[in-house]
Amino acid sequence: MMHLGLSVAYALAFVTGALAVAPQQLAARQQPFKSTAITDHAEPWAIAFLPDNRILVTERRGNLRLVDPTTKSKGTITGTPTVAYGGQGGLHDVALHPKYAENSIIYISYAESGSGGAGGAVARAKLTLNTSGGGALSGLEVIWRHSQRASGGLQFACRLLFGPDGALWISSGEINQMTPAQSMTGNLGKMIKLYDNGTAFAGNPFASQGAVQAQIWSLGHRNPLGIDWDAQGRLWEVEMGPMGGDELNLIQPGVNYGWPLVSQGKHYDGRTIPAHSTRPEFTPPKAFWVPVISPGGMIIYKGDLFSSWKGNAIITGLSSQSIVRVTITGDTAKEAQRISMGKRMRGIREDKDGAIWVIEDGPTGRLLKLTPN
């Protein structure tokens, strides 16, 4: 079953070494920032900053909005594809090509319908802005798809991120099918590394095993909804577990993170799942949460506005209705702070000045700018 983003109260929380911290053990803290509402949106999912400081916002029913934070106005970008809206599916992430200033190309991820149900897809298109606060996509080209589809509309993930080497990373969910996360004949439940045109990146760890395998960087993921780089160039990923067991992972090439064979959580019907400690061949998370926080997105903070947060993972929480701050020391991680937001929190990004932008989940989710008090 899916991770519903609904908090499940466990009588006991797993705490192994320096990993999880039960929320009841954390001291309540006043919000350490000023929160400024910019616009509201119908089921917003992700944001991306344009060079002129305007902001692209995806809405799950398939709308792409253009927000001017100065005037707090929003326009519409036409030309988006038809999406499979339902369950957790719809229009998901948006990212700019590293050379956007030269080519005006953006990338979007979304759920699309097909034989057998819905699966994730990634497309690129040219964005042309107009003088009325909107614009249009043209030349839309699908460059990647899930290798299978399923009914239910769950766990697509499909976060997008460009790397320092210009590679496109896709966090591929396992669309609630579980076992494909361990299968090397498909690309579900994997971290994917591609060139900007969708072809497999040279030097990927399974490049010699076939066309699908050549896409894969790591495997054994469930619903990876946040990915970002740290200052050392390491890739971190946060994913929803089942009933318990949300994970923060340090992603390394060729590594198997174990889902669904191991987890710190359990199945929704109460069946147990072996813990990571029982299967040392699978790499355990650097931090995990029982009960869940239901991560919706993540950044590794790199700015100076929140100077004490530099190098921390900042995670938006859905069922936890919070922003969760995790300190990273070397290759260890530990929750340091949980900031109540009173709303399910979905997307998160950092702007060039170090301000943090977040979006609330739901039919009237607000785009918020967070700056220090």
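The model is predicted. Its largest nonpolar core has 25 residues, and a second, separate core has 17 residues. The count of aromatic pairs comes to 7.

**Nonpolar cores**

- In soluble globular proteins, nonpolar side chains tend to be buried together.
- Within the largest nonpolar core of this model, the residues with the most contacts are Leu56, Ile106 and Leu127.
- Two or more residues of this core come from each of strand 2 (44-49), strand 4 (63-68), strand 6 (91-96), strand 7 and strand 8 (117-129).
- Strand 8 makes the greatest contribution to this core, with 4 residues.
- Leaving aside residues up to four places away in sequence, Leu56 touches Ile106 and Leu127, and its other contacts include Ala46, Leu64, Ile77 and Val94.
- The second core, which is separate and has 17 residues, includes Tyr107, Cys158, Leu168 and Leu194.

**Aromatic pairs**

- A pair of aromatic rings is described by the distance of the centres and the angle of the planes.
- The total for this model is 7 aromatic pairs.
- One of them is formed by Tyr107 and Phe162, with 5.2 Å from centre to centre and 70° between the planes, and this pair is edge-to-face.
- Tyr107 belongs to strand 7 (residues 105-114) and Phe162 to strand 10 (residues 157-162), so this pair ties together parts that are 55 residues apart in sequence.
- Tyr107 and Phe162 are both buried.
- The ring planes of Trp169 and Trp229 stand at 75° with the centres 5.6 Å apart; the pair is therefore edge-to-face, as the angle is over 60 degrees.
- Trp169 lies in strand 11 (residues 168-172) and Trp229 in strand 14 (residues 223-229), so that the pair links distant parts of the chain, 60 residues apart.
- Trp169 and Trp229 are each buried.
- Together with Trp217, Trp169 and Trp229 form one aromatic cluster.

- An open sheet is formed by 4 strands in the order 10-11-12-13, with antiparallel pairing.
- Strand 10 and strand 13 (216-219) are the edge strands, each of which pairs on one side only.
- On average, and with direction ignored, neighbouring strands of this sheet are turned by 15° against each other.
- The antiparallel pairing of strand 10 with strand 11 extends over 5 bridges.
- Arg159 has Ser171, in strand 11, as its bridge partner.

**Ile299**

- Ile299 is placed in strand 18 (residues 295-300).
- The relative accessible area of Ile299 is 3%; this residue is buried because the value is under 20%.
- Although Ile299 and Ile227 are 72 residues apart along the chain, their C-alpha atoms are separated by 7.0 Å.
- Not counting residues up to four places away in sequence, Ile299 touches several residues, among them Asp228, Asn312, Ile314, Ile348 and Ile356.

**Gln264**

- Gln264 is located in the loop between strand 16 (246-251) and strand 17 (287-289).
- The relative accessibility of Gln264 is 9%, so this residue counts as buried under the 20% limit.
- The side chains of Gln264 and His276 are joined by a polar contact of 3.0 Å.

Methods. Residues numbered from 1 in each chain as written. Predicted model: local features only at pLDDT ≥ 70, side-chain atom pairs only at ≥ 80, totals over all residues. Heavy atoms only, no water. Phe/Tyr/Trp six-rings, centres within 6.5 Å; stacked < 30°, edge-to-face > 60°. Buried < 20%, exposed > 50% of the residue type's maximum accessible area, 1.4 Å probe, protein only. Contact = heavy atoms within 4.5 Å. Core = buried A, V, L, I, M, F, W, Y, C linked by side-chain atoms within 4.5 Å. Polar contact = N/O pair within 3.5 Å; in protein donor to acceptor, adjacent residues only side chain to side chain. Pairing = 2+ DSSP bridges. Axes fitted to C-alpha atoms, helices over the stretch in contact; angles between N-to-C directions.
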